[in-house]
Amino acid sequence: MKRNDRLSVALHVLLHMAERGDKPMTSAEMAACVETNAVVIRRTFAGLREAGIVSSDKGHGGGWRLAKPAAEIALVDVQRALGERILPLAVREESPGCLVERAVIEAVDDALAEAERVVEARLASLTLADLAQRVQHISAITGHKLKGA
């Protein structure tokens, strides 16, 4: 997944939030985790708040928190809340009227639709808690710790 992808950024920050438990994170702290601007975080996380994945409190001691346990947050829910796609929607037509190109596009579009169903089913079976376990496993193997948590 690309680092500038909103889904990648959101999952990265959500894992930091899960590590912190109920302790809130400010937009600035979240932005520091992924080396971006706090405005980017607020825009990205607005959709997650609307979907009930995170909550936010304003003022001193405020910030962002997971709205439910990490084990109840499926990756597909994060993807949908952000309106992000992992796979391209369709192949773009470049030569209108070309029958060969049309046949190829139809075949590729069918394959992409099938692949998207498989990816979404897999993301529905994975939770934020599953990712956190993977992070802990990698940390144990490499000796590296999660920064910013």
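## Helix H5, end to end

The expected span of a helix is 1.5 Å times one less than its number of residues. Keep that in mind for helix H5 in this predicted model: H5 has 27 residues, and from its first C-alpha to its last it reaches 40 Å, close to the 39 Å expected.

So who's tucked away in H5? The buried residues here are Glu101, Ile105, Leu112 and Leu123. Part of what covers the buried residues of H5 is helix H4.

## Two residues to look at in H5

Start with Glu101, which sits in H5. Is Glu101 buried or exposed? Its relative accessible area is 17%, and buried means under 20%, so Glu101 counts as buried. Setting aside neighbours within four places in sequence, Glu101 touches Glu93, Glu94, Ser95 and Pro96.

Now hop along to Val108, also in H5, the helix that runs over residues 99-125. Val108 has a relative accessible area of 31%, so it is partly exposed. Val108 teams up with Val100 and Val104 in a nonpolar patch on the surface, and together the three have about 240 Å² of accessible area. Here's a handy bit of background: an α-helix has 3.6 residues a turn, so residues three or four places apart point the same way.

Helix H1 covers residues 6-20. With 15 residues, H1 reaches 21 Å from first C-alpha to last, close to the 21 Å you'd expect at 1.5 Å a residue.

How many of the residues of H1 are buried? The count is 11 of 15, so H1 is mostly covered. Among them are Leu7, Val9, Leu11 and Leu14, along with His16 and Arg20. The cover over these buried residues includes helices H2, H3 and H4, strands E1 and E2, and helix H6 (128-142).

## Helix H3, with a bend

Helix H3 takes in residues 38-50, which makes 13 residues. At 1.5 Å a residue H3 should span 18 Å, and its end C-alpha atoms are 18 Å apart, so the two values agree. Where does H3 bend? Look at Thr44: the helix bends there by about 25 degrees.

Thr44 is also one of the buried residues of H3, and the others are Ala38, Ile41, Phe45, Gly47 and Leu48. What lies over them includes helices H1, H2 (27-34) and H4 (75-82), plus strands E1 (54-57) and E2 (63-66).

Methods
Residues numbered from 1 in each chain as written. Predicted model: local features only at pLDDT ≥ 70, side-chain atom pairs only at ≥ 80, totals over all residues. Heavy atoms only, no water. Patch = residues over 30% accessible without salt bridge, like charges linked within 9 Å, V, L, I, M, F, W, Y side chains within 5 Å. Areas by Shrake-Rupley, 256 points an atom, 1.4 Å probe, with all protein chains shown as cover. Salt bridge = Lys/Arg side-chain N within 4 Å of Asp/Glu carboxyl O. Helix = DSSP H or I, 4+ residues; strand = E, 2+ residues; numbered from the N terminus. Buried < 20%, exposed > 50% of the residue type's maximum accessible area, 1.4 Å probe, protein only. Bend = angle between axes of the 7 residues up to and from the residue. Contact = heavy atoms within 4.5 Å.
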